[in-house]
Amino acid sequence: MYTIITPKKILVSLLFVCSPLLKAQDSFEQQINTLLAKMTLEEKVGQMNQYNGFYDATGPAPQGGNAAQKYEHLKKGWVGSMLNVRGVEEVRKIQELVVKESRLGIPMIFGFDVIHGYKTQSPIPLAEAASWDLEAIQKSASIAANEASAVGLNWAFAPMIDISRDARWGRVMEGAGEDPYLGAKVAEARINGFQGDDLSAPNTIAACAKHFVAYGFSEAGREYNTTDIGTNTLFNIALPPFEAAVAADVKTVMNGFNVLNGIPVTGSSYLQRDILKDKWGFEGYVISDWSSIGELVPHGHAENLKQAAEFGAKAGSDMDMESKAYITHLAENVREGKVDEGLVDDAVRRILRVKFELGLFEDPYLYCNEEREKERLFHEDHMQGALEMAKKSMVLLKNDGNLLPLKKDQKGIVVIGDLADDKNSPLGSWRLASDDNTAVSVVEGLQTYTNAFKFVQGPKVFDDDASFLQHVIINTTDSSGMEEAVAAAKMAEVVIMVVGEHGFMSGEARSRTKIDLPGLQHDLLKAVYAVNKNIIMVLMNGRPLTINWEAEYIPTILEAWQLGSQSGNAVAQVLFGDYNPSGKLPMTFPRSVGQVPIYYNHFSTGRAEKEPNVFWSHYADEENSPLYPFGFGLSYSKFRYSDFNLDSSDATQIKVSVKVTNSSTVEGEEVVQLYVNDPYASIVRPVKELKGFKKISLEGGASQTVSFTLTDRELGFYNSKHEWVVEPGKFNVMVGTNSQEGLSGSFERQ
Ligand code: BGC
């Protein structure tokens, strides 16, 4: 991994030159106090104001209108942060403007959506979560931080750690799936990757846990919709990843667009002050989501923008992203006695603290190094890291008849699909800084192994101009190309069909009511299957899909998500057996969209058992079970579980172990998963909950005993008073290869 060897510059900013009171050796808190004492109310409010990038900083200063006003605010020190300003030259110019021209020269913090990379794209976060490889995920975030920091950025609006059980919601691509335990572990890994050991190093950046909270529960999966969940789900499912993020010292938290149980989260002091800041001791700052303070008005919570500013500040939303509510009205609210200036001071203190920790006061241009910028973008190490992550992210869903892995000298391969030669879609959604068409396509990846294959596109599925701003246009009528594809398939020994969603079909504002294969892809699969059953289906998607027919008939399915810059290389390595797939689903695949929300850690019902009559909990037209359960994933190896052992002699340290044997001849990795169930409790507990996992590697024929320790941390839950409790009684434990299959036992805890 690349490390910065240049000693950190010890330039003293203008602030220190002008302010003898601020001595470098003073603690940050003393320096913040000194600074706060010098700031006018407007300057304080300015720190709480974040603007979107709005003019070419290297061009002429803007004249007139909104841009000119923002420019003037920068010069006055009335802007604490900017988003979407990036590139060393731009960042330096704007930082200079503020540091040199404003009265106190307080440096700005520059934020950006570094969701799965900057230029070099890693797999989408949902795919990375499928690796269950925390070290790899941490490394991936550190690569993203390394590149982003090289273009002057010092703050990533990531990780998104919203739990979601609804594949209709497009933003599931951005999170770690449905489970709070896995979600918390992935959150920690990503935060550690972004922030590193030393936040003031020029290659680490502040992370942002978002969206606080329950945004992933939007009703009917429709973006920006209401969320309404009980406190049990709030405390035991939605909040835990955020609690873990705070424990991992995340520097910032972003709130959300959603109304939760009647109150917009941006205006909730219960969530932001009582829980986040007071109960958990979060010392960083809360940034609003884009204009979410202003949206308190259309939500029907605040009467106007002025009241929105009042409510936002009182609720503990420390920085206003682009709604201009604070900069326009907060000082006025304070002067009128509506908002206590102490709350403003608290917000500013938090913002300044993070700036100090990032090293920006010591050197406002710490992240502005042209040479580093040139050297880091698309760096070989980053590309290598993205490739490793991409390989680990794939999930083998089906391999009947062992069509995979392909032999290196396999003849008669035909590759079909609009996505097969696509160099754009595999970059995924939320990749604002990436260059279009820079992913390695599947066709290109295969070419590194063999030229003895034929590619036929088949019917066009997606328009080539798909972008982040508009919905992807899908062809549902023009079947030209179908015949040619079927004819080629007929002659083939094996057909690789690359199908799925376009990268821009998931992400923000990309909700779907149907989550099947878009366009004519399903028809194409059926037509090909009619002439050749040797199909390997490579699935590319940003959410779980309903692929029942495919799951029944297509013999081999490889879930390849959107794997980023190195997509095709990673897919080819798995297809040809140079990498043995080891991923497991972080989110349940439904059989029908009518089952959504569907998740493995559901409660039992009073009528869970099948009855001879209809009066039990089920559907008339579909099974209850998922198509593929949470935690599911196959390998080219075969793993056998035996020798389940449970030792509960020490109630504070319950020991659980199993023996895992690789009964094949192929070396492979397995994610051994531990689930717990508390069958009788004051608040009913889920039928099972993930409480541990270990990823192990075994050579063919080898065995390993895998052990877990269960403490109160794994056995407890938040009760109806929102207190963490472990209730005495029976506990069931299962260790297995996915959430539905494993060996189990139970114990009593007093
Ligand atoms: C998204 C955030 C994002 C912000 C800034 C909003 O629309 O919800 O997740 O960080 O925009 O781009």
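This is a predicted model: local features need pLDDT of at least 70, side-chain atom pairs count only at pLDDT 80 or more; totals for chains, interfaces and linings use all residues.

Colleague: Okay. What about Arg171 and the ligand, how far apart are the polar side-chain atom and the oxygen atom there?

Modeller: A polar atom in the Arg171 side chain sits 2.7 Å from a ligand oxygen. Asp289 has a polar side-chain atom too, 2.6 Å from an oxygen of the ligand.

Colleague: And how much of the ligand does the protein bury?

Modeller: The protein buries 93% of the 310 Å² that the ligand exposes when taken alone.

Colleague: Which residues surround the ligand, then?

Modeller: Among them are Leu83, Phe157, Met254, Phe257, Trp290 and Met321. You'll also find Asp113, Lys210 and Glu508 around the ligand.

Colleague: How does that shell split by class?

Modeller: Six residues are nonpolar, one is polar and five are charged.

Colleague: Switching to charges. What lets charged side chains pair up?

Modeller: Side chains with opposite charges can pair when their charged atoms come close.

Colleague: How many salt bridges does the count come to?

Modeller: The count is 41 salt bridges. One of them joins Lys306 and Glu336, with the closest N and O atoms 2.7 Å apart.

Colleague: Where do Lys306 and Glu336 lie?

Modeller: Lys306 is in helix H12, while Glu336 is in the loop between helix H13 and helix H14, so the pair ties together parts that are 30 residues apart in sequence.

Colleague: Is Lys306 buried or exposed?

Modeller: Lys306 counts as buried, because its relative accessibility is 18% and the cut-off for buried is under 20%. Glu336, at 41%, counts as partly exposed.

Colleague: Which residue does Lys324 pair with?

Modeller: Lys324 forms a salt bridge with Glu322, again with a closest N to O distance of 2.7 Å. Lys324 is partly exposed at 22%, whereas Glu322 is buried at 10%.

Colleague: And Lys584, which residue does its side chain meet in a salt bridge?

Modeller: That's Glu670, at 3.0 Å from N to O. Lys584 is in the loop between helix H21 and strand E17 and Glu670 is in strand E19, 86 residues apart, so this pair links distant parts of the chain. Both residues are buried.

Colleague: Last one: which residues are linked in a network of salt bridges?

Modeller: Asp113, Arg171, Glu174, Lys210 and Glu508 are linked that way.

Definitions and conventions
Residues are numbered from 1 along each chain as its sequence is written. Side-chain values use heavy atoms; hydrogens and water are left out. A residue is near a molecule or strand if one of its heavy atoms lies within 4 Å of it. A polar contact is a pair of N or O atoms within 3.5 Å; within protein, one must be able to donate a hydrogen and the other to accept it, and residues adjacent in sequence count only if both atoms are side-chain atoms. Accessible areas come from the Shrake-Rupley method with a 1.4 Å probe; for residues, only the protein chains shown count as cover. Ala, Val, Leu, Ile, Met, Phe, Trp, Tyr, Cys and Pro count as nonpolar, Asp, Glu, Lys and Arg as charged, and the others, Gly among them, as polar. A salt bridge is a side-chain nitrogen of Lys or Arg within 4 Å of a carboxyl oxygen of Asp or Glu. Helices (H or I, at least four residues) and strands (E, at least two) are DSSP runs, numbered from the N terminus. Buried means under 20% relative accessible area, exposed over 50%, partly exposed in between (1.4 Å probe, protein chains only).
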